[in-house]
Each structure stands twice: as C-alpha cells, then as structure tokens.
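The following note concerns the pockets of the structure shown below.

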Amino acid sequence: MNKEINYNNRCPECGAPEANGLDCGGQLEQILAWEQSDPDLLGRHFWTVACFNIQHSSSFTEEAWTGLCTIFCEAYDHQLAGGDIRRKVSLLSDGPVRIRREEPAVPISRDWAMAISEVYLAGEPKGAADRVLAWSKVIRKHLEGFL
C-alpha cells in the first residue's frame with residue numbers, strides 16, 4: 001500500500017494532511033468502510049463521525065454544531081450507551097430543524113491536537129478503534145475551551 005502523506009495539502013479546518021491522495025473527507029470514508037470488518041471500530045461509529053463533524057463546523061449551523069458538542073460531552077462524560085446517544089442526536093435533528101448550512105461558512109481553523117489523519121494512519125486499519133478513542137479524548141479536552 002502506498003503510505004504517502006502530503007503535508008503541503010492540509011484541511012483548513014482540522015489541519016489533517018492529505019494521505020494516499022485522500023483529503024480528510026476521503027480518509028473518513030475509508031475509516032467508515034473499515035467498520036464493516038472491525039466490530040470494535042463499528043462500535044465507535046458515533047465517536048468517529050462526531051469527532052470529524054466537530055472539527056468541521058463550517059458545514060453546520062451554529063445551533064447544530066453546539067448541540068452536537070453538548071451531546072458529545074455528555075456522552076463522553078457520562079459514558080452513555082449507543083441507544084441513549086442516538087435518541088439525543090435524533091432530538092437534535094427532529095422536525096424542520098436545519099442541521100447543515102445551505103452554503104458552508106468560511107472554514108474555522110482551530111489548533112486541534114489530533115485529526116482524522118492520526119486515525120487513518122495512511123491506510124492502516126489495525127488499531128483504528130483505539131485511535132478513535134484517543135481522538136475522542138482529545139476532542140473532549142479541546143471542547144472545554146470552546147463551549
């Protein structure tokens with residue numbers, strides 16, 4: 001496998017470098033594909049998607065992003081079960097609520113200590129579930145300064 005990291009092409013929001021020709025969205029898609037053969041990683045699906053979305057706030061309305069951050073912190077701090085997390089996320093997006101912006105806002109660059117590229121590791125699926133846990137811990141710590 002080609003393990004090429006291009007540090008010259010970084011996401012303006014999360015700072016993740018391009019890896020194997022994939023931008024951060026492509027890296028997310030690859031990790032989600034790995035879930036099909038890794039039950040531990042699949043069990044961390046909420047954390048993978050939430051971490052990514054929290055780091056890419058320009059696509060979301062302010063209310064949706066703040067709501068996601070609040071649910072994330074509550075789920076992390078109280079170790080909520082998957083069903084409880086799903087119910088809270090459903091409430092956030094229930095009814096005629098707009099979650100995504102019609103046009104993405106100007107990307108907000110924040111100094112994240114970890115991004116999707118550290119989970120993707122240039123195409124290395126082994127250990128990805130543990131890396132998602134580490135990522136969620138980093139995101140939780142960072143959110144203390146944002147909320």
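**Note on the pockets**

1. This is a predicted model, in which local features need pLDDT of at least 70, side-chain atom pairs count only at pLDDT 80 or more, and totals for chains, interfaces and linings use all residues. Residues are numbered from 1 along each chain as its sequence is written, and side-chain values use heavy atoms, without hydrogens or water.

2. The second largest pocket holds about 180 Å³ of space. Its lining comprises 15 residues, of which Tyr7, Arg10, Pro17, Ser117 and Glu118 are the closest to its centre. A pocket here is an open set of points, on a 1 Å grid over the protein atoms alone, where a 1.4 Å probe fits and protein lies on both sides within 12 Å along at least five of seven lines; lining residues have an atom within 4 Å of a point. Volume is the space filled by probe spheres set on the points, with grid points joined across faces, edges and corners.

3. Strand S1 (5–10), strand S2 (17–19) and helix H6 (116–120) each give two or more residues to the lining of the second largest pocket; S1 gives the most, with three residues. Helices (H or I, at least four residues) and strands (E, at least two) are DSSP runs, numbered from the N terminus.

4. The largest pocket contains about 610 Å³ of space. Among its 26 lining residues, Phe46, Trp47, Ala50, Ile85 and Val89 are the closest to the centre. Helices H3 (45–55), H4 (62–78) and H5 (82–92) are the elements that contribute two or more residues to this lining, and H3 supplies the largest share, six residues.
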